[in-house]
Amino acid sequence: VLDRSWSFVLAGVGLLTSFLTLTALSVYEFGLYQLVLAAVAFIGMFSVDFFDTVIQSDISRGLAGGRRDESKRLFLEFAALKVGLGIAITAALFFGADLVASAYGEDIGGYVRIISFAISIRAVRSVASLFLKAMVSLRALGATAVEELIKLVIIAGLFATSTLGVREVLLATVVAATGSLVYMFVPFVETYRATFAAVHMARRSLLTAVIRGYGALVFFRTAVHQAAKPLRPWLIKAFVGTEAVAIYALAANLITMVKDFFPLVNVSLVAWELENPDRLRTIFTRGVKYSLWAGAGVALVCLAAVPPLIALVLPKYLPAVPLFLFFLLSLPIHGISQLELALLTALREQRLLTARLFAELGISAVMLVSLLPVMGILAVGLEANGALLWRVWYLGRVMGRRHPFLKFDVRSFFRLDDEDRMIMRRGLAEALSLFRRPKA
């Protein structure tokens, strides 16, 4: 509950911070700001954040199993790797900013230098957070929300004095990251001393074995995915312009907020049903149907509500509306895609998932390079929808061949049976129970 509460705080504060930033910056400045963030995100691929969950899990297992010496060794090895890489990335960005500036302009080089410090600061905070989460400590919660709160206070003050620009937003980000680290550091030190102060570290190295045990293919796929995503803004900049990056960023952020309302498919829960094909088939077929219905319904609501809201609150970003409407077309199949990925992850179809990723990246790259000069920013909407449609078709087709009980039944999408009615009645009853007063 506390974690969910912090998530709501983060969403609300982030929305207000974004509104102030969008209002204060010109469309060109916001596009430039997004390009800086994209450059940092691309280099950040080397920060090995995608190892966090795996390492956290193994530290927890070691502590639960009484192997504190191994947990201490694994944590310190990973901490040294992550903090060391964070410092190296900061140095690379700071001293390599001139390369970015030579391709774009001098201003962006200075901006990259400012934001580079956030990489190493967040690396240290991430290590502290990972350890506290491994200890199931509630003190690990809220670090990101605290960072956004500090950032909001700074940006609101600058906004009130009409001195908010790209440089100030980036400086606020670095200061907020530092404040969040301070918030996390004291409980980390206390918990670490209580857990490991009297423990001698295991002699043998553990980090390499852990990574190898989970499979390098998983990490390689995650790293490539993280590196590819930040390249899209730079392609838009190259073929359309900086203002188009701002238009894309707003539309993409809006559709991401909408998609966040969809519940995530829990891979662990799916894995529990792997020995029960009938149950797994029910989860799949009902999940596909309800995702399609829910996505279509949310898309219709957004179609009616979002364009007037943008016109009222952010009129200078009205050119983002057509791209946002393009993105809305993908909502009905977004949930289906997430369900497929969860099932294939639980079924350990790593080669299939990796092949899908590289094929999808190839499709996206070809579509963007060929269509951006012709269609402008709308090419991004066509590319996103086309890649998602291909993913759903390809994964559904291959999954149906390898696991015949997991096949699409298109007719069931438009059929309402007794089980659907029972599920709807149960869901409605649960929703209504939230508004009933408890009996005295």
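Tutor: We may begin with the whole chain. In this predicted model, residues 24 or more positions apart account for 83% of the contacts in the protein chain with a separation of 6 or more. The chain has 18 helices and zero strands, and 45% of its 440 residues count as buried.

Student: Why is Arg125 called buried?

Tutor: Arg125 has a relative accessible area of 12%. Arg125 lies in helix H5, residues 106-134. Leaving out residues up to four places away in sequence, Arg125 touches Ala143, Thr144, Glu147, Ser180, Leu181 and Met184.

Student: What makes Gly396 buried?

Tutor: The relative accessible area of Gly396 is 8%. Since the cut-off for buried is under 20%, Gly396 therefore counts as buried. Gly396 belongs to helix H17, residues 378-402.

Student: Why is Leu300 called exposed?

Tutor: For Leu300 the relative accessible area is 57%. Exposed means over 50%, so the term applies to Leu300. Leu300 is part of helix H13. Between the C-alpha atoms of Leu300 and Leu328 there are 8.6 Å, with the residues 28 residues apart along the chain.

Student: How do you know that Ser162 is exposed?

Tutor: Ser162 has 68% relative accessibility, and the cut-off for exposed is over 50%; Ser162 therefore counts as exposed. Ser162 sits in the loop between helix H6 (143-160) and helix H7 (166-196). Its phi is positive, about 55°, although Ser162 is not a glycine.

Student: Why is Leu235 called partly exposed?

Tutor: Its relative accessibility is 26%. Buried means under 20% and exposed over 50%, with partly exposed in between, so Leu235 is partly exposed. Leu235 is found in helix H10. Apart from its neighbours within four places in sequence, Leu235 is in contact with Leu368 and Leu372. The C-alpha atoms of Leu235 and Ala365, 130 residues apart along the chain, are separated by 9.2 Å.

Student: Which residues does Pro373 touch, not counting those up to four places away in sequence?

Tutor: They are Phe239 and Leu368. Pro373 lies in helix H16, residues 350-375. The C-alpha separation between Pro373 and Ile236, which are 137 residues apart along the chain, is 9.3 Å.

Student: Let us turn to helix packing. Why are H13 and H14 called roughly antiparallel?

Tutor: Helix H13 (residues 277-313) and helix H14 (residues 321-328) pack at an angle of about 170°, and their axes are 11 Å apart. Angles over 145 degrees count as roughly antiparallel, so this pair is described in that way. From H13, the residues Ala299, Cys302, Leu303, Val306, Pro307 and Ile310 meet Val321, Phe324, Leu325 and Leu328 of H14. The contact of H13 with H14 has ten nonpolar, no polar and no charged residues.

Student: What makes H14 and H17 roughly parallel?

Tutor: H14 and H17 pack at an angle of about 5°, with their axes 9 Å apart. An angle under 35 degrees counts as roughly parallel, and H14 and H17 are therefore roughly parallel to each other. H14 contributes Pro322, Leu323, Phe326 and Phe327 to the contact, and H17 contributes Leu378, Val380, Gly381, Leu382, Ala384 and Asn385. By class, the contact of H14 with H17 has eight nonpolar, two polar and no charged residues.

Student: How are the residues that line the second largest pocket divided by class?

Tutor: The second largest pocket has a volume of about 260 Å³. Of the 15 residues that line it, the closest to its centre are Ala39, Phe42, Ile43, Val100 and Trp234. Helix H2 (27-43), helix H4 (68-104) and helix H10 (231-239) are the elements that give two or more residues to this lining. H4 gives the most, with seven residues. The lining comprises 14 nonpolar residues, one polar and no charged.

Methods. Residues are numbered from 1 along each chain as its sequence is written. This is a predicted model: local features need pLDDT of at least 70, side-chain atom pairs count only at pLDDT 80 or more; totals for chains, interfaces and linings use all residues. Side-chain values use heavy atoms; hydrogens and water are left out. On a 1 Å grid over the protein atoms alone, a cavity is a set of points where a 1.4 Å probe fits but cannot get out, and a pocket is an open set with protein on both sides within 12 Å along at least five of seven lines; lining residues have an atom within 4 Å of a point. Grid points are joined across faces, edges and corners, and a volume is the space filled by probe spheres set on the points. Helices (H or I, at least four residues) and strands (E, at least two) are DSSP runs, numbered from the N terminus. Ala, Val, Leu, Ile, Met, Phe, Trp, Tyr, Cys and Pro count as nonpolar, Asp, Glu, Lys and Arg as charged, and the others, Gly among them, as polar. Buried means under 20% relative accessible area, exposed over 50%, partly exposed in between (1.4 Å probe, protein chains only). Contact means heavy atoms within 4.5 Å. Axes are lines fitted to C-alpha atoms, for helices over the stretch in contact, and angles run from 0 to 180 degrees between N-to-C directions. Angles under 35 degrees count as roughly parallel, over 145 as roughly antiparallel, 65 to 115 as roughly perpendicular and the rest as oblique.
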